[in-house]
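Please work through each task before reading its solution.

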Amino acid sequence: MGMTIAEKIIARAAGVEQVRAGDIHTVTLDRMMSNDGTTHLTVDMYNNKLKHPHVADAGKMVFIVDHNVPSDSPKTAAAQKKMRDFAREHQIDFWEGKGVCHQIMMEHYVCPGELIFGADSHTCTYGALGAFGTGVGCTDLLYGMVTGTSWVLVPETVKFNLTGRLQKGVYPRDLMLTIIGKIGANGVNYQVMEFCGDGVKTLSVNDRMVLCNLSVEAGAKTAIFEADEIALEYLKSRGREPKAVFSSDPDAAYAKEYTFDLAEIRPVVAKPDFVDAVVPAEEVCGIRIDEAFLGSCNNGRIDELRVGAAIVKGKKIPGHVRFLVVPASQEVYLQAMEEGLIETFMESGAIVMNPNCSVCWGSCQGVIGEGEVLISTGTRNFKGRAGHPSSKVYLGSAATVAASAVRGEICMADCLATS
Amino acid sequence: MEQFTGKVWVLDDDIDTDIIIPTEYLAMKTIEEMRQYAFSPLRPELASKITSGDILVAGKNFGCGSSREQAPEVVKALGIRCVIAKSFARIFFRNAINNGLLLIEQPDLHDRIKEGDTITVTVNQAIEAGGKQYPITSLPGNLVEIIEAGGLVKAMRRRNGRI
Amino acid sequence: MGQTIIEKIIAHNLGVQSVKPGEIVTVNVDWVMLDDIMIPFIVDKFHEMGFTKVWDPDKAVLIYDHLVPASQQDDTRHYRTGDAFAKECGLTHVHRSDGICHQLMTEAGYVKPGDVVFGTDSHTTTYGCVGAFSTGIGYTEMAAILGTGTLWVKVPETIKVVIEGTLPEGVMSKDIILRLIGDLGADGATYRALEFSGSAIEQMSISSRMAMANMAIEAGAKCAAFTPDEKTAEYCEIELDEFQKGLKGDADARYMKILVYKAEDFVPVMACPSQVDKIRPVEELKGTRIDQVFIGSCTNGRLEDLQAAAKVLEGKKVAPFVKLIVNPASRKIYREALACGVLKTLIEAGAIVTHPGCGLCCGRTGGILCDGQRVVATNNRNFLGRMGTAKTEIYLASPMTAAACAVAGEIAVAVD
């Protein structure tokens, strides 16, 4: 019986020949990531609950401060200090203010074939490079940190066969929102989304990150692409080597298969307050907005900033709109500066912020108020996610968000161009 | 002549507006919500202990720092009858007058008094504390006008024929 | 009898020959600045007073800066209140994310030499840098000005500060104003105007003068005054008229006090926790461990400040586990710093560059600290609890010193 990529990664991490969906295995973790959302809690447990606290392998740990940067309160500062002090004491790689954790992980750590736990639900992003990344709570992370191991229940894999090519003006984010809209917010609960087919060859690592990152919004344990030449080229350009390059066997078992023709995808928007409330963007055009957000681990990379900048270039953001532009990392920020994108945004009246999670996480940078409307490239539009419980969040592509920012109401980039 | 007696709370020199009401709380909707945080960086317990009619005695430069009018407003909202200091910062002084919070400059009282003492103030005349009299001067005429009108808002309402 | 700069401005405003310190006069207001924290209170008082019209909507400037970007859910209510008021009263000058109010009031072309300006923020003294009379007021008085266009003021006595010579390398105007505040004390200039002159002042850029005028309030001063010169004219994009050219202290003017300094005597200094007048030479504080550095604010967030920091940081890295936050004072400054490569240098050194606004200086977000942490900052106040808890220590310094501290991870001298 053959195995899928995800199964092969688990088998390798478990040191066994074969695993099957439903098996429980003890695995050796290749890497663990924890951010300032919860690390202080993990450190508290480490200090207070363990009889013999120690870190199994500090070299496998990465701590990243990205959620509240810069800190907005003494409480946040104290939590971050705890994290910083722990990293210093245990010689754990520590990043602060350098970018959103998943972007940092992709730029500097993730390798094909690795099994990675992250104390953040969007750890599934790492499948873009053929790694098995999944989000865990801080108890699981603590266990992993202390023992270097954990247990996994081998998930079923669902195959997403992608064909064709996205049309101009349609983005991977439209594709992934369309998929989630179709299969539902629990459509692949505890399963792995494996993307394959000719269509994946048209997708860059950045595009694949967009898809994998949002897989958790359909309930997935993770999502994964085969580490093909596109992935390996990305890896090589960053001076890293794969741990293992796996392909799914022809006779691997899939719980279900879907096929999506990329050419048929159109710009879409997820309406409040559910990621799977996906409708054609046309349906929500004209809704007045207070804020637009271009950023996040889903959509704050150079590709999206280019798309956004091209749309706002030479235009002014209307006074009633706050257009937040937040590069996903300092690397992205510097690249965007180099290309003149930051100047374009600043000239238009946008608020360009330091790389951080910003309003996607609804914290200290650009939270929205009572009854306000946000259109966002962030990951979630849950009730109150971006601020006041009565506020509304629409999710769209970078193009739709930028066009909406210029228009002051939800607007497709095409409509803006022709108006 | 107006006279009142009250229990004293004592603070030192340079009590700045960030101590009186930290910026963190400035954007709250009402002074009522804010007042519990008055003096919190220095004495977090103070706001809850002050009772209506109490008197605040401070050293020099009381109210230095920002122009935030929330500072005199929270002091007033706590029920402080008047603030007696060696000196006041300029903007705080104006803001207090405009809100009808009585400020009295007195150079000697602060160093001869302790928290919990009871003193008697005779406005524009003197303070009596521990059997001793401390002279005080009266305010300039234009300020008396504002205070007599009941603050600047009322003075303006009168100007605009609203009262 | 001669006049000081501030006396000349007030007399000109009133259309009289001269005014004397202590006189209580009612001035006609040239500009008002309303900020986002205070706007809901201003609007309430304005309506409560029974006003329906702003005396001159083109003379009011509404600026959102303390709450940009919003850090709490209720912050955006301030924008909505401000926008509604601007609409109701026809205010034409509204800045929603362009930078700090005190930077914008001169940079965006509002305040000119000789103007009389009031703002709902204590650092309104900043506009003295171009020879304006400007000072901070509360929201009730602001509401009254909006309705009437006038305000009473007591003509202040003037303290003259003369600085002759050339500043040593590594010393910035921030070091001068900190030293002066130390010498005068935090209430040493209460109710007074601080008038600056001397060859060191003449050599200074407008930015350097702004840093000094900005902090005049920290000695209690009502306002600061610099004589407008060619640099001022260029900065304000005007030709100085006869009145503006004459804004210098007369030789026979009455000064309450004259302080004379030799520029060469200044050294880099810091204001130590938690009083602005607790000044010590940086040299004496060397080696003190720090957690964070903040370069920004209406005191020291201008291009020349960022350039000075970049010069120190070029090719170096911020010390491990130390955070450097850089907050340009305005959108214009940000774009200039972007264009000349300063932002790149700062980010490559490890700085976190935030969107122009008040940021950490006003203590609501932007790098708040906790118990036991220590920050070196280029802003104007180190009051207890201002950037965190009562157990957070704030040291105020120049941008050069701050940058040197970021690299060293401890208090350090830039030119050492």
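**Exercise 1.** What is the handedness of the crossing of helix 2 of chain C and helix 5 of chain C?

*Solution.* The model is predicted, local features need pLDDT of at least 70, side-chain atom pairs count only at pLDDT 80 or more, and totals for chains, interfaces and linings use all residues. Residues are numbered from 1 along each chain as its sequence is written, while chains are lettered from A and ligands numbered from 1 in the order in which they are written.

Step 1. Helices (H or I, at least four residues) and strands (E, at least two) are DSSP runs, numbered from the N terminus. The axes of helix 2 (residues 39-48) and helix 5 (residues 139-148) of chain C come within 8 Å and cross at roughly 55°. Axes are lines fitted to C-alpha atoms, for helices over the stretch in contact, with angles from 0 to 180 degrees between N-to-C directions.

Step 2. Helix 2 and helix 5 of chain C are therefore oblique to each other; angles under 35 degrees count as roughly parallel, over 145 as roughly antiparallel, 65 to 115 as roughly perpendicular and the rest as oblique.

Step 3. The crossing of helix 2 and helix 5 of chain C is right-handed, the near helix being turned clockwise from the far one by less than a right angle.

**Exercise 2.** Which residues of helix 2 of chain C meet helix 5 of chain C?

*Solution.* Step 1. From helix 2 of chain C come C:Phe41, C:Ile42, C:Lys45 and C:Phe46. Their partners in helix 5 of chain C include C:Met142, C:Ala143 and C:Leu146. Contact requires C-beta atoms, placed from the backbone, within 7 Å.

Step 1. By class, this contact has seven nonpolar, two polar and one charged residues. Ala, Val, Leu, Ile, Met, Phe, Trp, Tyr, Cys and Pro count as nonpolar, Asp, Glu, Lys and Arg as charged, and the others, Gly among them, as polar.

**Exercise 3.** How compact is chain C?

*Solution.* Step 1. Chain C has 16 helices and 18 strands.

Step 1. The radius of gyration of chain C (over C-alpha atoms) is 20 Å, close to the 22 Å from the globule rule (2.2 Å times the number of residues to the power 0.38) for 416 residues, so chain C is as compact as a globular protein of that length.

**Exercise 4.** Which helix of chain A gives the most to the side of chain A that touches chain C?

*Solution.* Step 1. In chain A, 38 residues are in contact with 38 residues of chain C.

Step 1. Helix 3 of chain A gives the most to that side, with seven residues.

Technical notes:
Contact = placed C-beta atoms within 7 Å.
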